[in-house]
Amino acid sequence: MALKKKPVSGMRDVLPAEMQIRDYVMNQIKETYRSFGFSQIETPCVEHIENLTSKQGGDNEKLIFKILKRGEKLDVAAAQTEEDVVDGGLRYDLTLPLSRYYAANGANLPVPFKALQMGSVWRADRPQKGRFRQFVQCDIDILGDATNLAEIELILATTTALGKICPDNGFTVRINDRGILKGMAAYCGFPQEAWDSIFITLDKMDKIGMDGVKAELFEAGYGKEQVEPYISLFSDFGTDADSVRRIGALLTEAKALDPEVWQGLAYIMDTVMAVAETKFALTFDPTLVRGMSYYTGTIFEVSMEGFGGSVAGGGRYDKMIGKFTGMETPACGFSIGFERIVTILMDQNFTVPGNQKKKAYLFEKGIDQQVLSQIIREASRERAKGVQVLVVQMNKNKKFQKEQLQKEGYETFQEFYKDALKR
């Protein structure tokens, strides 16, 4: 059987030029998040299958890479259920592992705990541009804080990081609350058991438009007296904090919404815009749903010039940790789509700013050992000054070799020959 050179579908090899950008983006994110008081942690890439299939991951639970049991002889053909042969899987996000981590280690962590995670996750998805089966997520989460400060800090930290990485790309933070979503559905007379399916339809707004959402609701059997007022709600209000107050007051008066929900959302928006130093737009979007079933309150997404989909998203998930501990713990998180940001920068032919100077010493084959020692000592002195130095034997096609090194950022070359030193 012939060996295959290409990586598995949905996985990818990363060449040095892109790796420099990935390292730069990762370092910028870490530096920014640490400046906001987040502490970096790490969780295993393999999780218990019971956790991964606990009906908290939405459609991602259909995309799990499952792992066969090890350490015992398996008779796959005789297995009655999947549980007979599977006991783990590759994590599909970092939120569920964080919840298990906090449930296991919370007694040894400060309250609130500000967690920073960066690592690979895996989904058996259909690959496309900016979407892979293995990809890096960059998450920050605040656990144990039920106040609006959690959302404010998460938005400020994330927008600060994005502003540093993509200063020339405008971006918008869209924000909503699951409580407002439910309040609007209740106000228009939709039965509670139908809300999830209605939200699934609403989530298609960016693809099928308002008319498409309206048509789907009619096709689902809902009456004009429900659908018409529901659709009109989305156009009757604006996108600022005052719009949140107006729609909130309407829903509260109809006893469809707790006033604390809209008051909290308006407070978050007012505070963020009052203190944010990074330039971005913050808009209330009552059509924002976010598909993860574990969200319980505030939700947000970031869209950026140069990319069609969202580049970051998150929200509050106050009930997930309680699934492990039996006691609800306030939790809120924001995730940057690392691969999508890198894709944007690659498309822009981005060059890492302030990169370390790179110099290459090329020596001819058969050079004297003492001369080679002198070259290595000189390279060491340059490295001590902060220069990145490559010592490498000269190829027959020296021109092509130098062209390839230039693509990797090498700017200066010194050539060493058997009979003389040429600079």
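View 1. K204 is partly exposed, with a relative accessible area of 31%; partly exposed lies between buried, under 20% relative accessible area, and exposed, over 50% (1.4 Å probe, protein chains only). E216 is also partly exposed, at 25%. Their side chains meet in a salt bridge (3.3 Å, N to O). The pair links distant parts of the chain: K204 sits in the loop between α6 (195-202) and α7 (205-219), and E216 in helix α7, twelve residues apart. A salt bridge here is a side-chain nitrogen of Lys or Arg within 4 Å of a carboxyl oxygen of Asp or Glu, and by this rule the count comes to 19. Helices (H or I, at least four residues) and strands (E, at least two) are DSSP runs, numbered from the N terminus. This is a predicted model in which local features need pLDDT of at least 70 and side-chain atom pairs count only at pLDDT 80 or more, while totals for chains, interfaces and linings use all residues. Residues are numbered from 1 along each chain as its sequence is written, and side-chain values use heavy atoms, with hydrogens and water left out.

**View 2. The salt-bridge network of R12, E18, R22 and E339.** R12 and E18 pair through their side chains at 2.7 Å, N to O. E18 also meets R22, at 3.3 Å, N to O. E18 and R22 are separated by about one helical turn because they are four residues apart in helix α1 (residues 16-35). R12 is partly exposed at 31% relative accessibility, whereas E18 is buried at 11% and R22 is buried at 8%.

**View 3. The largest nonpolar core.** A nonpolar core is a set of buried Ala, Val, Leu, Ile, Met, Phe, Trp, Tyr and Cys residues joined through side-chain atoms within 4.5 Å. The largest has 98 residues, and those with the most contacts inside it are V25, I29, Y33, F190, Y230, I336 and I341. Helix α4 (residues 149-165) gives the largest share of this core, nine residues. Apart from it lies another core, of eight residues, including I367, I375, V389 and F416.

**View 4. The surroundings of I336.** Contact means heavy atoms within 4.5 Å. Leaving aside neighbours within four places in sequence, I336 is in contact with I29, Y33, Q137, C138, T158, A161, L162, V311, A312 and I341.

**View 5. T329 in its loop.** T329 lies in the loop between α11 (322-325) and β11 (331-336). T329 is buried, with a relative accessible area of 12%. Not counting residues up to four places away in sequence, T329 touches Y102, G144, Y317, D318 and I321.
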